[in-house]
Amino acid sequence: MKEFRDKAGASKCSSKSTRDTPNRSLASASSEPGSGGRVPSKGSLLSSFFTSAFSVFDIYSESSACEKKTVHCRSNGWAAAVKKLVTAGSMRRIHERVLGPSRTGIPNSTSDIWLLGLCYKIAEDDSTTDATGSNGSAAFNQDFSSRILLTYRKGFDAIGDSKFTTDVGWGCMLRSSQMLVAQALLFHRLGRSWRKSLDKPFDPEYVEILHLFGDSETSAFSIHNLLQAGKTYGLAAGSWVGPYAMCRSLESLARCKKEETGLGCQSLPMAVYVVSGDEDGERGGAPVVCVEDASRHCFEFSKGQADWTPILLLVPLVLGLDKVNPRYIPSLRLTFTFPQSLGILGGKPSASTYIVGVQEENALYLDPHEVQPVVNIARDNLDADTSSYHCDVIRHIHLDTIDPSLALGFYCRDKDDFDDFCFRASKLADESNGAPLFTVTQTRKKAANHSDVLGETGGVQADDDSLCAMSMNDADGKAHEDDWQLL
């Protein structure tokens, strides 16, 4: 598929939610597929080198590290020194030096913060903020730190037939996607108003969710099972992956787990709908949320027992070539005002993050680029140490610096919630000045003259309809899997 340039150039604050009730080869130093096959930048290459250097130490068992001391002493000493340097926190400083600084804390602004559908008013003087209320920096901090953080881990059982016992340097997109699904489960089981308790024992539902994201094959949404389910879309240990392939892999994993456990014992108690374009089901124009398609997904999920079920909507997007087209930024920001918002899988090229909130032009995110020892929490361990699954450090980047290849997530509890989402999405599209992120329709209809429609928006019809993920070594300009959509 040929690349081309896009020729196409608040909501009132509410402190309440309508859902308060419970219910990315190491052998390659290329950029992520989401970067659209661009020649990797120097920073990206350096970042890949350093993260790859670290991961070498954890890929293989350390039991044979000193078998031949006279031969390997000097080498092992260097390795130990680098590993110590990395684990001491220098890896993050190197990572930030090449990819840009990580700004922490709430941006110096009193503008409202939107965090996954909830609005927080930030006062000039924090001392006047009611920490027990739904507004203010204290309440925002509590909400942010209650979101589940999933990061690089080291020391887990080898993934499949590989020798990888860590995902350092390549697993950030997988971790980001895990976080989005974890939030969907939190909203479904515990409600949007849930906050992590400081006291033990913890809520069994909360512990069960953490168990599902452990780093072993026994945990339903582990990195092991994600890679297995995503083979069709190019997922493999040690390889980076883009948002579109990630969304499809999540859909595949949820379907596999449902078939394994059977109805009534589902790891993901909701249908998964990956929203696609209106041409041939996958390409052409902005993605279309089709009500009939959503209903069909729910009906199939329930095996014909219900017309509607809770549903997770994943919307992969490519909003530019080298960076996000500025026309889309206002709409991106407004998606966080949706009560159904699950945030964005996005970040900088080769450095995926999970964006959970916005303040003006800043995106607030949870960062998977921290290396932690593996922790697998048993579903019945209500006194487990869950500190590695949360973070109170608020990091932010400017919205116009994020990679244009990203994915939006939304969770709808029931039909009324879905209808409300469709109303908000339609209004957002109407007010997008001709640059909608996605649209909503009742029935999917094939455009009579799609080329004319694309011509009006500066689009170009692709010749290659392949959805297969391309190799990270694709240096001849071939399209990656994320080029499925043209905007």
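Tutor: Let us begin with surroundings. The cover over the buried residues of helix 10 includes strand 6 (288–290), helix 8 (291–301), strand 7 (311–318), helix 9 (329–334), strand 13 (405–412) and strand 14 (439–441). Contact here means heavy atoms within 4.5 Å. This is a predicted model, in which local features need pLDDT of at least 70, side-chain atom pairs count only at pLDDT 80 or more, and totals for chains, interfaces and linings use all residues. Residues are numbered from 1 along each chain as its sequence is written, and side-chain values use heavy atoms, with hydrogens and water left out.

Student: Which residues of helix 10 are called buried?

Tutor: Buried means under 20% relative accessible area, exposed over 50%, and partly exposed in between (1.4 Å probe, protein chains only). In helix 10, Asp417, Phe418, Phe421, Cys422, Ala425, Leu428 and Ala429 are buried. They cover an arc of only 140 degrees around the axis, so they lie on the same side of helix 10; the arc is that of the directions from the helix axis to the C-beta atoms.

Student: What does the face of helix 10 turned away from its buried side carry?

Tutor: That face carries the exposed residues Asp416, Phe423 and Asp430.

Student: What span does helix 10 reach from its first C-alpha to its last?

Tutor: Helix 10 (residues 415–430) has 16 residues and reaches 22 Å, close to the 22 Å expected at 1.5 Å a residue. The expected span is 1.5 Å times one less than the number of residues.

Terms used:
Helices (H or I, at least four residues) and strands (E, at least two) are DSSP runs, numbered from the N terminus.
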